[in-house]
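Open the model in your viewer and keep the selection panel at hand. We will go from stop to stop.

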Amino acid sequence: MTAQLIDGNALARQIRADVRARTTALKARGIEPTLAIILVGDDPASQIYVKHKVNDSSETGLNARLERYPAAMAENDLLARIHALNADTAVHGILVQLPLPPQMDSHKVIEAIAPAKDVDGFHVSNAGALMVGQRGFWPCTPHGCLKMLDSIGYPLRGKHAVVIGRSNIVGKPMAMMLLARSATVTLCHSATRDLAALTAQADVIVAAVGKRNLLTAEMVKPGAVVIDVGMNRNDAGKLCGDVDFEGVKNVAGWITPVPGGVGPMTRAMLLVNTIEATEAAAR
Ligand code: NAP
């Protein structure tokens, strides 16, 4: 069997086109959707992520305001800046690029963002809303994964989904989203015993660990949907996921590639959250 590819690039393109149309409609009403992006310090990976976010915003007509601060910035100064952005009605979304320098408590910083502007969906109010089934901003990566499942018309109800990885930004919210769709969810982590026995029963597997070749063909039920969130480098320095793509694609029914899978969807969902924040503010 050869799995069908879930093309994150193509799906993200459709989503961006929708965001562009919604941006145009808002601008026609005199509203300019605006995302404030805060980067503290000069972490090389963060600089690349932020650049992508600014470019993605500009390409879809959103106004991205990048604010850069030195690594030595005091936490109180950052909190004051966030409070000012919270009060600024011209700003609809606020994103603080993580990780922050060690003198800052990232939880405290994220909690300072107004939940209605928390387009990363990391604020406890938004995490809680997801938990109890209320409206709120969902974290971009798991939301992008869910959109990928929707794009193939996959019926989650009653299916067994195994999520590997329990971080607050990927694994846990992913589990909640799948549960909300009435899947039966097994959330795995580093202390999980016999991971292979669990994944072998799964209809859907979401791998979000950060370990190359964590999921191999023997661990996958024929026909399963495999979503690869991982971002790693192979021996040649090429980007790869957590899934042994070459092996698993012969067993799975559907599979996401790395690159070109979850990554572009994560980026697209940030734009969706920003446009939704703007539309909500404009209502
Ligand atoms: P994280 O915070 O480091 O969490 C990793 C999770 O994997 C933890 O829950 C850990 O368990 C679990 N784990 C570690 N070894 C394991 C094993 N052998 N078996 C089962 N579970 C194991 O990472 P993250 O931020 O969620 O990111 C995960 C991966 O996704 C990384 O490669 C990251 O780069 C990638 N990512 C990609 C995107 C994208 O847009 N494509 C976005 C976000 C993240 P414990 O909790 O027990 O330690």
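This is a predicted model: local features need pLDDT of at least 70, side-chain atom pairs count only at pLDDT 80 or more; totals for chains, interfaces and linings use all residues.

To colour them, select 30–114 for domain 1 and 140–263 for domain 2, the bounds given by the domain assignment.

Next, select the ligand and the residues around it. The shell holds 20 residues, and those that come nearest are Arg166, Ser167, Ser190, Lys211 and Thr266. By class, nine residues of the shell are nonpolar, nine are polar and two are charged. Which helix gives the most to this shell? Helix α10, residues 262–282, with three residues.

A ligand nitrogen sits 2.9 Å from a side-chain N or O atom of Lys211. A ligand oxygen is 2.9 Å from a side-chain N or O atom of Thr266. Taken alone, the ligand exposes 930 Å², and the protein buries 70% of that.

Stay on helix α10 and pick Met269, which belongs to this helix. Is Met269 buried or exposed? Its relative accessible area is 0%, so Met269 is buried. Beyond its neighbours within four places in sequence, Met269 is in contact with Ile15, Cys140, His143, Gly144 and Lys147.

Thr23 counts as buried because its relative accessibility is 2%, and the cut-off for buried is under 20%. Which residues does Thr23 touch, leaving aside neighbours within four places in sequence? Its contacts are Pro33, Thr60, Gly61, Leu62 and Ile275.

Last stop: helix α7, residues 171–180. Show its buried residues, Gly171, Pro173, Met174, Ala175, Met177 and Leu178. Two helices are on the list, α5 (124–132) and α6 (140–151). Strands β5 (160–164), β6 (184–188) and β7 (204–207) complete the list. Finish at Ser182, which follows α7 and has a positive phi, near 65°.

Technical notes. Residues are numbered from 1 along each chain as its sequence is written. Side-chain values use heavy atoms; hydrogens and water are left out. A residue is near a molecule or strand if one of its heavy atoms lies within 4 Å of it. A polar contact is a pair of N or O atoms within 3.5 Å; within protein, one must be able to donate a hydrogen and the other to accept it, and residues adjacent in sequence count only if both atoms are side-chain atoms. Accessible areas come from the Shrake-Rupley method with a 1.4 Å probe; for residues, only the protein chains shown count as cover. Helices (H or I, at least four residues) and strands (E, at least two) are DSSP runs, numbered from the N terminus. Ala, Val, Leu, Ile, Met, Phe, Trp, Tyr, Cys and Pro count as nonpolar, Asp, Glu, Lys and Arg as charged, and the others, Gly among them, as polar. Buried means under 20% relative accessible area, exposed over 50%, partly exposed in between (1.4 Å probe, protein chains only). Contact means heavy atoms within 4.5 Å. Domain bounds come from an automatic or database domain assignment.
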